[in-house]
Amino acid sequence: MHNTLNRFQSVFGFFTTVAFVLGCFIAATDLYAERAPTGTLKVQNLQVVKGRPHYYSSVQEEYAIIKFSLDADLSQLFTWNTKQVFVYVTAEWPAAKGGVNATNEAVIWDSIITNPSADHLKNIGPATMKKLKKSAKGKTVAPDRGILSLRNQRPKYQITHPSRKIADTENVKLKLHYNVQPWFGLLTWNQNQDIGFWKAIKGGVSAPFSLPSIKKKN
Amino acid sequence: MATVAGSLDTLYCITTCFNSRRNSTSQPRRHWDPCAIGPLYSRHLQSARLSTATMLSMLQNPRQAAAQVLNFALILSSAFMMWKGLSVISDSPSPIVVVLSGSMEPAFQRGDLLFLWNRNLLQDTSVGEVVVYNVKDKDIPIVHRVVRKYGEGEDAKLLTKGDNNPSDDTELYARGQDYLVRKDIIGSVVGYIPFVGYVTILLSEHPWLKTVMLGVMGLFAILQRE
């Protein structure tokens, strides 16, 4: 018994070592895959409304609804080690009027884009799942999913500020971000400068704008 | 809620990996040298047959027994040192965590291993980072993404949300707490290995497995002949 178990342990130990080293090699190939994402963000429609954080709350808050359009090419982020790309658009603005540093940041829209190899893990209904799987039949890597074209997109999240006031905020910018989540290895985000084969996003920031005053009820 | 488990369970995992790897490298020649197989095999057969006898003889050989016990202690303590070393380097009380639930799916599933980093060398913890945080008075660490940040530095107000959840985490926070601050966070996720953490999930859900495993490991350490 001592022998068999000992051998099994050795084989298992060897297996884990090999699997780990192989995984590291696969993760390292990411560094050699070129990334040159581009994006154009435009604000389409701005609105600030009053509302409550949830149904049973008596607190009134101001919410900014920022409609935008986005054209982005993130196709190079999809490689064989990509499980999903998490794309998100943030709005950022300085704390004080006339401030320079954008110290407030909030996600207004996001999307999980899976590689076909991870489609089955997505939390969607059966019909949508069927459609999604069909869209990349026979492929394990689908760079075309990284090409986004949104027109007059409603934000997923209506943003506010802890002070509950957000109307008339100046110098707001929208910014495109992504997070590549691998099958094995390091998580990577969009970077501010070029690193090796990975370039910073070209564009990806909207022109600064100001939020309007609260819409008056007629 | 994507909860995670850390610390000791992962320690068990490391211990086992370390132990098995150590065995695979410590006696490579015996396994790979074809000339040695014949005689060695028969000798091993013999020792298997006589294993109870050897155990008894070991009791009579305290020097060897002490060496085996020390050997076992060495394995355990080096695993513990690795864990604590990693903890110091990453400045996180629990640098490797296991995902227990699915609110970050499809990226992180149950049983996946996450590596955390808790130092702000280049920049503040910012929006988009996936962080593990502890809520006041609750003992379950949660891994979610930061979606809002107001202010700068230690006092910045952070709001988190699971990628797979429809709404943000305000309801998970303590009563009266609307935002997290930096010190609630015990690390940002930087690395990912799938499936490996399932071992620790099994161990924590079936506690008797721990006893069995420690027992088997102890038996190995004692019976092993160097």
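Helices and strands here are DSSP runs: a helix has at least four residues, a strand at least two, and both are numbered from the N terminus. By that rule, chain A of this predicted model holds two helices and nine strands. Follow the chain from the N terminus and the elements come in the order α-β-β-β-β-α-β-β-β-β-β.

Now turn to the strands. Four of them in chain A make an open sheet, ordered β5-β2-β1-β9, with mixed pairing. Which strands stand at the edges? They are β5 (147-153) and β9 (202-203) of chain A. Each has a single partner strand, so one side of each lacks a neighbour in the sheet.

Look at one pairing in detail. Strand β2 of chain A spans residues 61-73 and runs antiparallel to β5(A), with five bridges between them. Across this pair, A:Asp71 sits opposite A:Ser149 of β5(A).

Finally, step back to the whole chain. Along the principal axes, the C-alpha atoms of chain A fill a box of roughly 85 × 45 × 35 Å. The radius of gyration of chain A is 23 Å, whereas a compact globule of 218 residues would have one near 17 Å. Of those 218 residues, 29% count as buried. What share of contacts between residues at least 6 apart in sequence joins residues at least 24 apart? In chain A, that share is 76%.

Conventions. Residues are numbered from 1 along each chain as its sequence is written. Chains are lettered from A and ligands numbered from 1 in the order in which they are written. This is a predicted model: local features need pLDDT of at least 70, side-chain atom pairs count only at pLDDT 80 or more; totals for chains, interfaces and linings use all residues. Two strands pair if DSSP finds at least two bridges between them. The radius of gyration is taken over C-alpha atoms; the globule rule is 2.2 Å times the number of residues to the power 0.38. A residue is buried if 20 or more other C-beta atoms lie within 10 Å of its own, exposed if 12 or fewer, and partly exposed in between; C-beta atoms are placed from the backbone. Two residues are in contact if their C-beta atoms, placed from the backbone, lie within 7 Å.
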